[in-house]
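Work through the following exercises with the sequence and the model open. Each task is followed by a solution in steps.

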Amino acid sequence: MAEAAPQYLALPSGLLELCALLGAPRDSLRGPEQVAQKKGVKSLSPLDPEVLSVFVPPFVTKEDSQPAGVSCVTLGKTRRRSFRKKRERPKAEPSKGHPGGPRGQDPEDVGIPNGVDLLALPQLCFPGGVCVASEPKEDCVHFLVLTDVCGNRTYGVVAQYYRPLHDEYCFYNGKMRWEASGLGRSAAGCFVPFAVCVVSRFPYYNALKDCLSCLLTHLKICKDFEVDNHIKDFAAKLSLIPSPPPGPLHLILNMKPLQIVFPSRADPESPLIDLDLHLPLLRFRPEKVLQILTCLLTEQHVVFFSSSWALLTLVAECFMAYLHPLQWQHTFVPILSRHMLDFVMAPTSFLMGCHLDHFEEVSKEADGLILINIDAGSITYSNDEDMDVPDIPLLAAQTFIQRVQSLQMHHELDLAHLCASTDLNEGRACRRAWQQRLNCQIQQITLQLLVCIFREVKNHLNYEHRVFNSEEFLKTRAPGDQQFYKQVLDTYMFHAFLKARLSRRLDAFAQMDLHTQSEEDRIDGMLLSPRRPTIEKMASRKSSAPHGAHRRMVVSMPNLQDIMVPELPPRNSSLRKIHTEDCGSSHTVLDVPSKLTYTFKIPEIHFPLVGQCVQAFHVDCVAQLSKAMDSLAPENSVLLARYFYLRGLVQLMQGQLLGALLDFQSLYKTDVRIFPADLVQRTVESLSAPERAQAERTPELRRLISEVMDKPEDAPKADDRVKNFELPKKHMQLDDFVKRVQESGIVKDAGIIHRLFEALTVGHQKQIDPETFKDFYNCWKEAEAEAQEVNLPFSVMEQLDKNECVYKLSSSVKTNRGVGKIAMTQKRLFLLTEGRPGYVEISTFRNIEEVRSTTVAFLLLRIPTLKIKMVSKKEVFEANLKTECDLWHLMVKEMWAGKKLADVHKDPQYVQQALTHALLMDAVVGALQSPGAIYAASKLSYFDKMKNEMPMAVPKTTSETLKHKINPSAGETFPRAIDVLLYTPGHLDPAEKVEDAHPKLWCALNEGKVVVFDASSWTVHQHCFKVGTSKLTCTSTEEGEMGAVCMFPAEVKQGDSAFLVQLKP
């Protein structure tokens, strides 16, 4: 039995969801007709609009040789009731459609897309009602955001136009014909608005606005009964256009007279931007923009007002783009009609928009609203003088203001030196390129603002246990910024942001953070031991001291008595008073390099839209895509992937499922980031038996089907909750203690925590009580706070390396080189002399030959003394450390042993681990406060015992061959296996290019984690980002002198991604 021919599939990423014609019911226009005949009547009351016609794809099926009637519903008097209430629909009467129009099927059979409410759509398309005018008005456009019950958004573009009102109104050859009207010429003073609404899953505001503008040129001169046909052809044309995949390829559609560009998203994580992001900056001063962003970040009740319906949505969407990658989690209704004003009484956070005519009414009816007047560029509060909206952190605000002021937001200035363009589309292309560059600059500025505000959040996260230490983070904020952070930390938006950070998502925020962080911050983030201010940071803090108040950088102790923070002078209550002159030159707007983009012109679509024409369109698309692919340079795999993607979609429309799957399978070789896993799975499931058998005989398709279909059952969803750190309230065994210490952020390495457990439980039962943990935590945090407050004179800092940190200071002691405090960094010991502060070098750890703890006689006393003998000096350093002597003896010996091991094994991680051991010793002695405290601390002398118990030498062959040892698992809780190693060459000479020119070593760990090392210095370039949860594999393509290597999950799962590395000769 022959199988049925497959139907054309619905375009999975088509532009059009729905197209509708809306206006006033014909019955309601009889009154205005009569009123229009009376002289002296200038205004009429608004009428209630309704849906007149609906057009929903698909418009053509494979069997159809004529346009499918099901796709167009023309509503007569009876049919309109179907959209009012389904249960009250009367018995259907014979069709009374327009003459010559397609005979439509019952509207109940039309599949209306989810999220489109045909009852609410008329009010949104005519938010001010249908106002009959006495003279024709200009066509206008506004924009909608429609949200369904699941929170999914669709986007609408509405174009309103006017037609004269009379019985037989129509246009012939562009001239109005009045003779058929029984009302005569006197009715010519009555014009009725109609609206065409296009609903899409993609926010193509500018592109769809241009499309509707082209449509209106036809609607305004056509006969009345031809309107539906024109709109249906317009909708059918849009339904055949796919949305371009993320990347550099944009689509061009010829709508005559305009060439319409449909831009793509920059990458899969970025929003689609098809609007002018500088619109808010033209209406609001930078200080006001910051205040609005604060209102959004703190999730207030925000209402925009404007006399322009279009600006309401565009400005609101601009602010949504400014927040990316943070996302507004609450109600978002940028346009409220006159019948929806009670929405502003909602108790939850929201962002809404109203016409300026309703400003007084809304401000009086509801309390606690942030009222933003777009037209005036002002911000006010409604009936609540006590509203406390905090300021953006001061430094971030200053930087943002200066960068915005550096923007060039007037296209005319760029055109002043150019000749006038005589080609319409050429001028539009020039304007579009300028706007794209400006949009990129604005996105960079707003993203840098967010990074400046939230950069240090990562320092207070524990990734393994998904813990955020909010109290500790708040204590490190400047007092003037405390209120802002307290409010933001309680929002849903910030909670979602934390989830992304804890999942190590490499989104726009993470990439900007990585790109803009200093070398010090990058290295600091990799230290196993706690962070301390480097000498470089101390110097910068000293130099900036005259410009700002002293800031005590302390960390929190949850459930403990708060540490008092010295008060700063009161901050400016208004951001307008900020002195931006203090911002350095680095605060100017970034010179964003223009990204290379490409275009693909959609072939012409011929009408009437019958099956043969659609098939011819698909054949033309495949031919042009194949031609473009053949002409590509071998190294342009990114663009090739976009062509594969589009050709796969078109072949799906043709019913060529196997060809489509082969194109999608090619994305593995080019750019797996845009691989449509769900679409491929649905396509495989729809294969007929013969097609499935043929696919199994093709190696590439067999492998693709196996990867997509033969996946293990979905594992239970991982717990992605964000927990806040709290001190324990009950006794802890070893496993619970390990978890608590890791959550606290003190130490991650499980082996070190095991040794700490042994130290704290010496002579006791092998469990730790809450009080002991609290005392230990207190001592650790107090040592952190003291180290943050170390203030060295410039003369001392000049003697130290810029990346050195002072980790421990002794009390003032007498030494054979003077009286002062002994300071320990990760590299050396030195004496900070008293009186006139000075620097006396004691020894680097590499130069130590012997360390002894002894006593010296003083009168009748024996004073504990630390003696350090150096390799290069005959003189022995002596310090009368008294009660601190035994602790310093343990710490110095551990640091000395760690340095020796680091030199032998060529692994600097030994020094960092030794430093962690030394600081833990200090905290253990301070917590136990008992005669056995030193013995307990000695349990942490791990490298000192290793040095004494086993030879440190490595085999000769290894020593001669080994140049540098790296540990990709540094910073993890336990060592991880390496699945893939990938070396990418570069230039060792930094003079050629400072940043990405260096060679790199990519290490793929298990669970989809990747660590990148700078192979010129063997420092970590990028730490542990994730491309999924699966094991990673590697593939490469090489042609000629160029090639690319792609690292991707061996088994593609939802949410997995990949990265492509370009190799250069």
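Buried means under 20% relative accessible area, exposed over 50%, and partly exposed in between, with a 1.4 Å probe and protein chains only. The model is predicted, so local features need pLDDT of at least 70 and side-chain atom pairs count only at pLDDT 80 or more, while totals for chains, interfaces and linings use all residues. Residues are numbered from 1 along each chain as its sequence is written, and side-chain values use heavy atoms, with hydrogens and water left out.

**Exercise 1. Classify Lys-232 and Asp-233 by accessibility, and describe the salt bridge of Lys-232 with Asp-233.**

Step 1. Lys-232 has 10% relative accessibility and therefore counts as buried. Asp-233 has a relative accessible area of 27%, so Asp-233 is partly exposed.

Step 2. A salt bridge is a side-chain nitrogen of Lys or Arg within 4 Å of a carboxyl oxygen of Asp or Glu. Between Lys-232 and Asp-233 the closest N and O atoms are 3.5 Å apart, and the two form a salt bridge.

Step 3. Applied to the model, the rule gives a count of 29 salt bridges.

**Exercise 2. Where do Glu-784 and Lys-781 sit in helix α27, and which parts of the chain does the pair Glu-804 and Arg-828 link?**

Step 1. Helices (H or I, at least four residues) and strands (E, at least two) are DSSP runs, numbered from the N terminus.

Step 2. The side chains of Glu-784 and Lys-781 form a salt bridge at 3.5 Å, N to O. Both belong to helix α27 (residues 770-788), where they are 3 residues apart and so separated by about one helical turn. An α-helix has 3.6 residues a turn, so residues three or four places apart point the same way. Glu-784 and Lys-781 are both buried.

Step 3. Glu-804 and Arg-828 also form a salt bridge, with the closest N and O atoms 2.8 Å apart. This pair joins distant parts of the chain, 24 residues apart: Glu-804 lies in the loop between α28 (794-797) and β20 (808-809), and Arg-828 in strand β23 (residues 828-833). Both Glu-804 and Arg-828 are buried.

Step 4. A network of salt bridges links Glu-804 and Arg-828 with Asp-801, Lys-827 and Glu-841.

**Exercise 3. How many residues of strand β8 are buried, and which residues lie on each of its faces?**

Step 1. Strand β8 (residues 191-200) has 10 of its 10 residues buried.

Step 2. In a regular strand the side chains alternate between the two faces of the sheet. In β8, one side carries Phe-191, Pro-193, Ala-195, Cys-197 and Val-199, and the other carries Val-192, Phe-194, Val-196, Val-198 and Ser-200.

Step 3. Two strands pair if DSSP finds at least two bridges between them. Strand β1 (residues 18-23) pairs with β8 in the antiparallel sense over 5 bridges, and strand β5 (residues 153-164) pairs with β8 in the antiparallel sense over 10 bridges.

Step 4. Val-199 in β8 stands opposite Leu-18 and also opposite Gly-156.

**Exercise 4. Which helices cover the buried residues of α20?**

Step 1. Helix α20 (residues 657-665) has 7 of its 9 residues buried, so the rest of the structure largely encloses it.

Step 2. The buried residues of α20 are Leu-657, Leu-658, Ala-660, Leu-661, Asp-663, Phe-664 and Gln-665.

Step 3. The cover includes α19 (637-654), α21 (667-670), α22 (677-685), α23 (689-696) and α24 (699-709), where contact means heavy atoms within 4.5 Å.

**Exercise 5. At what angle do helices α11 and α15 pack, and why is the pair called roughly perpendicular?**

Step 1. Axes are lines fitted to C-alpha atoms, for helices over the stretch in contact, and angles run from 0 to 180 degrees between N-to-C directions.

Step 2. Helix α11 (residues 424-454) packs on helix α15 (residues 508-516) at about 80 degrees, with the axes 9 Å apart.

Step 3. Angles under 35 degrees count as roughly parallel, over 145 as roughly antiparallel, 65 to 115 as roughly perpendicular and the rest as oblique. α11 and α15 are therefore roughly perpendicular to each other.

Step 4. In the contact, Gln-444, Leu-447, Gln-448, Leu-450, Val-451 and Phe-454 of α11 meet Ala-508, Phe-509, Met-512, Asp-513 and Thr-516 of α15.
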